[in-house]
Amino acid sequence: MRTGRPTTGTDVYAFGVFMLEVSCGRKLFEPRAEPEEVVLADWTINRWENGDIVEAASERIIQDHDKGQLELVLKLGVLCSHQAEEVRPDMATVVKILDGVSELPDNVLDIVRTEKMGKWYETYGSVLGTDMTTESAGNLTITERLTSVGR
């Protein structure tokens, strides 16, 4: 993102923002909103931490769609639009999750909250069953082995 050139990571980010904007019926930034609602991804995470991520969605979307599917789209939107590219899944994984072939791990909120990647490796590397390094993290994808931990 810093080069101004599109990458697969920026494509995933844009898709995540798209999922959030469509589901929530608002733009990524709402400068006139309440302070905790200015940034869409942060506001969605706040709703998630308070126990009901679906509250972030627009009323029309909530009425017209299955809440379980809406919850999945919102969580995946937050994950895909994470500020750290290393945290974002690749598009193949996103499609598998949306198709129901793979699932988000139970600890996805912890992953989204992670600000320092080093701590993420220390905490979740054992779940992946691999020795992770900062150098290898750029190639990290959520796989069946990770998602088999449960939903």
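Select C80 to begin. In this predicted model, C80 is buried, with a relative accessible area of 0%. M19 has a relative accessibility of 5%, and because buried means under 20%, M19 counts as buried.

Now show the neighbours of M19. Leaving aside residues up to four places away in sequence, M19 touches V73, L76, G77 and C80. One of these, G77, is the next stop.

**G77**

G77 sits in helix α4. Is G77 buried or exposed? It is buried, at a relative accessible area of 0%. Beyond residues up to four places away in sequence, G77 touches G16, M19 and L20.

**L74 and C24**

Move to L74. Which residues does L74 touch, not counting those up to four places away in sequence? They are L20, S23, C24, T44, I53, V54 and A57. L20 was also among the residues that touch G77. From this list, pick C24. With a relative accessibility of 6%, C24 counts as buried. A check for disulfides across the structure gives 0.

**The nonpolar core**

The largest nonpolar core has 33 residues, and the members that touch the most other members are W48, L70, L74, L76, L79, L104 and V112. Colour the helices that give two or more residues to this core: α1 (8–24), α2 (40–49), α3 (59–64), α4 (67–80), α5 (91–99) and α6 (108–113). Which of the elements supplies the largest share? It is α4, with 7 residues.

**Helix α2**

How many of its 10 residues are buried? The count is 7, so by the under 20% limit for buried residues, α2 is mostly covered. The buried ones are L40, A41, W43, T44, I45, R47 and W48. Two of these names have come up already: T44 is one of the residues touched by L74, and W48 is among the core members with the most contacts to other members.

R26 lies over the face of W43, 4.9 Å from the ring centre. Then step past the end of the helix to G51, which follows α2 and has a positive phi, near 100 degrees. While rings are on display, note that a search of the whole structure finds 1 aromatic pair.

**The whole chain**

Finally, zoom out and show everything as a cartoon. The protein has 8 helices and 0 strands. Read along the sequence, the order is α-α-α-α-α-α-α-α. Of the 151 residues in the protein, 43% are buried.

Two more values describe the whole. Take the contacts between residues at least 6 apart in sequence: 55% of them join residues at least 24 apart. Switch to a surface view for the last stop. The protein exposes about 9,000 Å², and carbon and sulfur atoms supply 48% of that area.

Key. Residues numbered from 1 in each chain as written. Predicted model: local features only at pLDDT ≥ 70, side-chain atom pairs only at ≥ 80, totals over all residues. Heavy atoms only, no water. Core = buried A, V, L, I, M, F, W, Y, C linked by side-chain atoms within 4.5 Å. Buried < 20%, exposed > 50% of the residue type's maximum accessible area, 1.4 Å probe, protein only. Helix = DSSP H or I, 4+ residues; strand = E, 2+ residues; numbered from the N terminus. Contact = heavy atoms within 4.5 Å. Phe/Tyr/Trp six-rings, centres within 6.5 Å; stacked < 30°, edge-to-face > 60°. Lys NZ or Arg CZ within 6 Å of the ring centre and 35° of its normal. Areas by Shrake-Rupley, 256 points an atom, 1.4 Å probe, with all protein chains shown as cover. Disulfide = S-S within 2.5 Å.
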